[in-house]
Amino acid sequence: FGSSSMPQLLSVQHSVTWQQRGIVTSAIQFFRSMGGAIGIGLLGVLFNILAAPQMQQLRQMGISPASIMDKQKRAELDPAAQPIIFQMIGSSLTWVFLAMAIVAVGQVCVSFLMASDDEHPATSAEISQLEAHAV
């Protein structure tokens, strides 16, 4: 999503008047931060839901999530657990990345729906006001 952040910011900035650019810039940053936090949370939930059946199978084998994530303990695990672990992580992450791709396509579609009005150029009064504040 990082490569689309600047075009999204610029498209919003160019669709408002000069005086509103600071407002929309800060709003974009706020909603990007909130959306990222919520998005990461939802994708984590999706991963956990998809991995739950295999994780239950691993728990029945006596394998905890902590032992899967610890490199030293993972080397000591039952070799029969390795395919289950790889399948659990691989299939769950595939769906997480698919969900991210769907959101990215949705972002592109929303970008095309944004107003394509010309940029609102700054008036001479706005320019002189900015110059006065810059000094």
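**Close-up views of a predicted model**

**View 1. The end of helix α2 and what follows.** Just past α2, G62 adopts a positive phi of about 90 degrees. Helices here are DSSP runs (H or I, at least four residues), numbered from the N terminus. This is a predicted model, where local features need pLDDT of at least 70, side-chain atom pairs count only at pLDDT 80 or more, and totals for chains, interfaces and linings use all residues. Residues are numbered from 1 along each chain as its sequence is written, and side-chain values use heavy atoms, with hydrogens and water left out.

**View 2. Helix α2 and its bend.** With 40 residues (21-60), α2 reaches 57 Å from its first C-alpha to its last, close to the expected 58 Å; that expected span is 1.5 Å times one less than the number of residues. At A52 the helix bends by about 50 degrees, going by the angle between axes fitted to the seven residues ending there and the seven starting there. A proline, P53, follows within four residues of the bend. P53 sits in α2 and is exposed, with a relative accessible area of 53%. Exposed means over 50%, buried under 20%, and partly exposed in between (1.4 Å probe, protein chains only). Although P53 and M88 are 35 residues apart along the chain, their C-alpha atoms are separated by 8.6 Å.

**View 3. The largest nonpolar core.** Take a look at A51, M55, L58, I63, I68, L77, A81, I84, I85 and M88: these 10 residues make up the core. Such a core is a set of buried Ala, Val, Leu, Ile, Met, Phe, Trp, Tyr and Cys residues joined through side-chain atoms within 4.5 Å. Both α2 and α5 (81-113) supply at least two of its residues, and α5 gives the most, with 4. Beyond its neighbours within four places in sequence, A51 is in contact (heavy atoms within 4.5 Å) with M88 and S92.

**View 4. Helix α5 against its partners.** This helix has 33 residues and reaches 48 Å from first C-alpha to last, close to the 48 Å expected. Its buried residues are A81, I84, I85, M88, S92 and V96, and they pack against α2 and α3.
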